Amino acid sequence: MPDKRTTPLIQSLPAAVPFVGPETMERRRGAPFAARLGANESVFGPSPRAIAAMQAASAEIWKYPDSTSYELRHALAEQNGVTPDHIVVGEGIDGLLGYLVRLMVAPGDAVVTSDGAYPTFNYHVTGYGGTLHKVPYTDDHEDPAALMARAAEVGAKLVYLANPDNPMGTWHDGAAITAALDTLPDGALLVLDEAYVEFAPAPAPIGADDPRVIRMRTFSKAHGLAGARVGYAIGPVPLIAEFEKIRNHFGMNRAAQAGALAAIRDTAWLAQVQAQVATARDEIARIALENGLTSVPSATNFVSIDCGGDGDFARTVLEGLARRDIFVRMPFAAPQNRCIRVSCGTPDDLALFAAALPGALADAEAEGLADARA
Ligand SMILES: Cc1ncc(COP(=O)(O)O)c(C=O)c1O
C-alpha cells in the first residue's frame, strides 16, 4: 500500500525502476552469472593508477569530499579546452540527467526523446511531471531530424539524443548533429548524451558556449569506473551555474574524484581499452555470423545482435543465455527489440557467450515451434 503522504505526482507514478541490476538478478536466480555482458560496463577495468589513487583516498575517507570537485573539474576543463565554469561534475550521467530535468522541466512541460532510447532519462522526466513525446528510430539510428520536428510540434523544453546510441550502438557524424542542432526550436535545449564518445570516431564539433546544447560524459564506460559514479556535463556557463542551486554538493565521494582524476591522466590505459573494445566488437560480430545472425555496426562498447525474429523471440534467446549463466540485455521497443545487446567482454567472456548462444537459439526456435503448434 503506497504512502498517502507523498505528492499527488509521486502517487501517480508506477513503481518501476529503469533497470533491474545484475546483482538483483543473481539473487533472484540463486546463482552468479559467469559472464557479465549486459550493463555495458568496461570489463577491462580502470587504470591501475586510478585504483591506486582510490586506495590512497580511502584512508582519508573520514573527510567530506571537496564539494566543488576542483581538481577534477580543472583537469576536465584542460582536457576539453574549456574553462572549469563550463563543467559540472555529478553522480554519473544518471545523476546529472536528474538535476538537469529538475532545472528545466515543470509539471506538464514537453520533452522529446526516441522510442526505446536510454530509459533513465525518461524516468527523471516522469518523476518531475514532464510529458514525454517519443519518435521512432530510423534504420536502427536515433533520428535527429525527427526529434527536432517533434520538438517544434510540441514546444519541447528538452530534446534527448544519445550519440552514440544505447541500445543500438549506432552513431551520427558531427555534421549530422550540427545540422540537426540548427533546426532546434527556440527555447529548447539539446541534451547530447555522449556516454560512449570515447569509442566513436569523433565528437560533434559544438562549442561549450553554444546555448542550445548540454553534453553529458561519464567515467563509467571507457574509464571503467561505473561503480564510482562519476559523470560530467559541459555546457554554457550560465546554465552550468544553475546546477549549483540544486545539486547534491557532497555527492561526489573522495575516492571517486581521485580515481577519475588519475584515470584521465592515464591516456595509455584508455588507448588499450579502446583497442580491446574494438577487438571484442569484431568478435561479437563474428559469433553472430557463426550462428547465422547479423549484428548492428557499433560505435560503443557493446554490439546489438539481430536474432532474426520478433521481440518475444529475442527475449527467449536472452532467457536461454541467462539459464546458461550469461547476462545480456535487449532493447525495449520494436523493432529494435528483435536484438539482444552484448557488452564487449574479455576473450574468456566472449568464449562463454559463443558456447552458450547456439543452445539459447535452439531453445528459442523449439519454443517458437511449440507456440506455433499450440
Ligand atoms: C546512453 C547512456 N547514458 C548514460 C548512461 C549512464 O551513465 P552513468 O554511469 O554515468 O550514470 C548509460 C549507461 O549505460 C548510457 O548507456
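Q: Which strand does Phe302 lie in?
A: First, a heads-up: this is a predicted model, where local features need pLDDT of at least 70, side-chain atom pairs count only at pLDDT 80 or more, and totals for chains, interfaces and linings use all residues. Residues are numbered from 1 along each chain as its sequence is written, and side-chain values use heavy atoms, leaving out hydrogens and water. Strands (E, at least two residues) are DSSP runs numbered from the N terminus, as are helices (H or I, at least four). Phe302 sits in the one covering residues 302-306, strand E10.

Q: Is Phe302 buried or exposed?
A: Buried means under 20% relative accessible area, exposed over 50%, and partly exposed in between (1.4 Å probe, protein chains only). Phe302 comes out at 0% relative accessibility, so Phe302 counts as buried.

Q: How far is a polar side-chain atom of Asp193 from a nitrogen atom of the ligand?
A: Asp193 belongs to strand E6 (residues 189-193), and Asp193 is one of the closest residues to the ligand. A polar contact is a pair of N or O atoms within 3.5 Å; within protein, one must be able to donate a hydrogen and the other to accept it, and residues adjacent in sequence count only if both atoms are side-chain atoms. For Asp193 and that ligand nitrogen, the distance is 2.6 Å.

Q: Which side chain of opposite charge is nearest to Asp193?
A: Lys and Arg count as positive, Asp and Glu as negative, while His and the chain ends are not counted. A salt bridge is a side-chain nitrogen of Lys or Arg within 4 Å of a carboxyl oxygen of Asp or Glu. Asp193 is buried yet has no salt bridge. The nearest side chain of opposite charge is 8.4 Å away, and it belongs to Arg217.

Q: What is the relative accessibility of Asp182, the salt-bridge partner of Arg212?
A: In this pair, the closest N and O atoms are 3.1 Å apart. The two residues link distant parts of the chain, 30 residues apart. Arg212 is partly exposed because its relative accessibility is 28%. Asp182 counts as exposed, with a relative accessibility of 57%.

Methods: Near = heavy atom within 4 Å.
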